[in-house]
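Subject: Structure handover

Hello,

Here is the structure for you to take over. Please open it before reading on.

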Amino acid sequence: VRVVVAREAAAGERRVALTPDVVGRLQAAGLDLVVEAGAGVAAGFPDADYEKAGATVVPAGSGLGHAEVLAAVGLPDVSGLRAGQVVVGLLQPLLRPQLMEELAGRGVTVVSLDGLPRTLSRAQSMDALSSQANAAGYKAVLVATEHFARYLPLLITAAGTSKPAEVLVLGAGVAGLQAIGTARRLGAVVRAYDVRPAAKGEVQSLGAQFVELTSVGPAAGEGGYARALSAEEQAAQQAELAGHIARHDIVITTAQVPGRRPPELVTADAVAAMRPGSVLVDMGASELGGNVAGSRPGEVVVTPGGVTIVGAGDLASRLATSASAAYARNLTALLGHLVADGELHVDLDDEITAGVVVAHGGAVVHPATAALLH
Ligand code: NAD
């Protein structure tokens with residue numbers, strides 16, 4: 001089975017789906033890698049490294065003719081895909097069900113890592129959402145420090161003592177926990193909040209304090225994720241969080257609910273109540289809106305009150321080498337699962353396969369995506 005990797009289609013995306021490091025493992029699983037020239041350069045992987053590892057490098061734009069599988073991180077250019085070909089990536093099918101239906105209609109098989117059953121232990125090596133969230137959570141802290149004009153740690157020097165910075169992490173999933181650990185390693189005092197009750201112990205085990213809200217109850221949803229809050233719950237949460245936000249120097253928001261616009265956790269009033277010099281990093285920032293009122297994806301906004309809001313939906317891309325290396329291992333594990341005896345098998349009775357295959361055999365087979373279509 002031949003797999004092609006092209007340069008990522010999204011503007012500013014630096015990651016690459018497969019790296020020279022995994023070429024041997026792909027071959028062992030019966031997969032040959034074809035790389036379009038320059039596909040890995042922005043992530044630190046030149047064409048020569050792919051060739052050395054045993055991949056074939058072809059001119060940009062010519063790979064799809066050679067391959068059965070198009071491997072990507074984000075949504076690639078799907079216009080050239082033909083019946084029988086497979087596209088795999090983090091394709092966010094719940095946000096674009098119509099495109100999934102169109103690809104199904106063209107006979108394309110669509111595989112998206114978003115749907116992986118992440119709590120299955122045999123799926124853990126394939127968990128690209130976690131590997132990318134880890135990279136992003138780490139980078140979120142470093143980005144915050146770039147816009148913050150004070151030390152993070154308690155520093156006692158001959159020139160005086162500086163108080164440690166106080167960091168609040170809203171949403172303590174994979175990205176939030178990595179942000180907590182990173183901020184702690186830089187010496188900040190860290191607090192965190194999440195609607196899932198399970199998050200409390202995880203936050204505390206990292207040495208951070210868990211912020212309890214009295215106005216909103218726990219909101220665990222399906223599959224270990226949070227459920228969306230009602231309008232009343234959200235208003236109560238925003239109001240109670242505002243007091244905590246105002247007391248912190250750096251606030252990092254990571255809250256997501258699968259298939260939905262990220263919940264707004266930080267209102268314009270809460271931003272206005274922060275001290276000048278404070279920094280917000282909104283990891284949920286996207287075209288759909290983010291966790292912070294006034295954040296804009298890919299932009300840094302400084303409010304009239306001197307608060308910096310970083311709209312950072314692309315943090316894993318800014319750690320492109322590490323994020324790509326991890327993604328490539330996740331994807332290789334998944335492809336290894338789907339390929340047997342040199343052929344791709346789509347067995348929808350298998351829990352992992354059923355989670356990731358969105359379209360196959362001319363139909364949208366993934367129930368959550370199909371439910372949005374009818
Ligand atoms: P995510 O990216 O979907 O969301 C990030 C966090 O935002 C979550 O912790 C969520 O609870 C929180 N959130 C959502 N709405 C919120 C709100 N209104 N207020 C505050 N917080 C809010 O989550 P994720 O990082 O992908 O992880 C989700 C869950 O999956 C976690 O329980 C995680 O431990 C679990 N998980 C399990 C495994 C495994 O078992 N191997 C692997 C990965 C993740």
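Below are notes on a helix pair, the nonpolar core and the ligand surroundings.

Please keep in mind that this is a predicted model.

Helix pair. Helix H4 covers residues 128–146 and helix H9 covers residues 320–338. Their axes come within 9 Å and cross at roughly 170 degrees. Angles over 145 degrees count as roughly antiparallel, so H4 is roughly antiparallel to H9. On the H4 side the contact is made by Ala128, Ser131, Gln132 and Ala135. These residues meet Ser322, Ala323, Ala326, Tyr327, Asn330 and Leu331 in H9. Sorted by class, the contact of H4 with H9 has 6 nonpolar and 4 polar residues, and no charged residues.

Core. The largest nonpolar core contains 113 residues. Ala71, Ala140 and Ile252 have the most contacts inside this core. H9 is the element that gives the most to the core, with 11 residues. Leaving out residues up to four places away in sequence, Ala71 touches Val3, Val4, Val5, Ala17, Leu18, Val88, Gly89 and Leu331. Leu331 of H9 is also part of the contact with H4.

Ligand. The ligand is surrounded by 29 residues. Gly171, Gly173, Val174, Ala226 and Ala255 are the closest. By class, the shell around the ligand has 16 nonpolar, 9 polar and 4 charged residues. H4 supplies at least two residues of this shell, as does helix H5 (174–185).

Regards

Definitions and conventions. Residues numbered from 1 in each chain as written. Predicted model: local features only at pLDDT ≥ 70, side-chain atom pairs only at ≥ 80, totals over all residues. Axes fitted to C-alpha atoms, helices over the stretch in contact; angles between N-to-C directions. Helix = DSSP H or I, 4+ residues; strand = E, 2+ residues; numbered from the N terminus. Parallel < 35°, antiparallel > 145°, perpendicular 65-115°, else oblique. Contact = placed C-beta atoms within 7 Å. Nonpolar A, V, L, I, M, F, W, Y, C, P; charged D, E, K, R; others polar. Core = buried A, V, L, I, M, F, W, Y, C linked by C-beta atoms within 7 Å. Buried ≥ 20, exposed ≤ 12 C-beta atoms within 10 Å, placed from the backbone. Near = placed C-beta within 6 Å.
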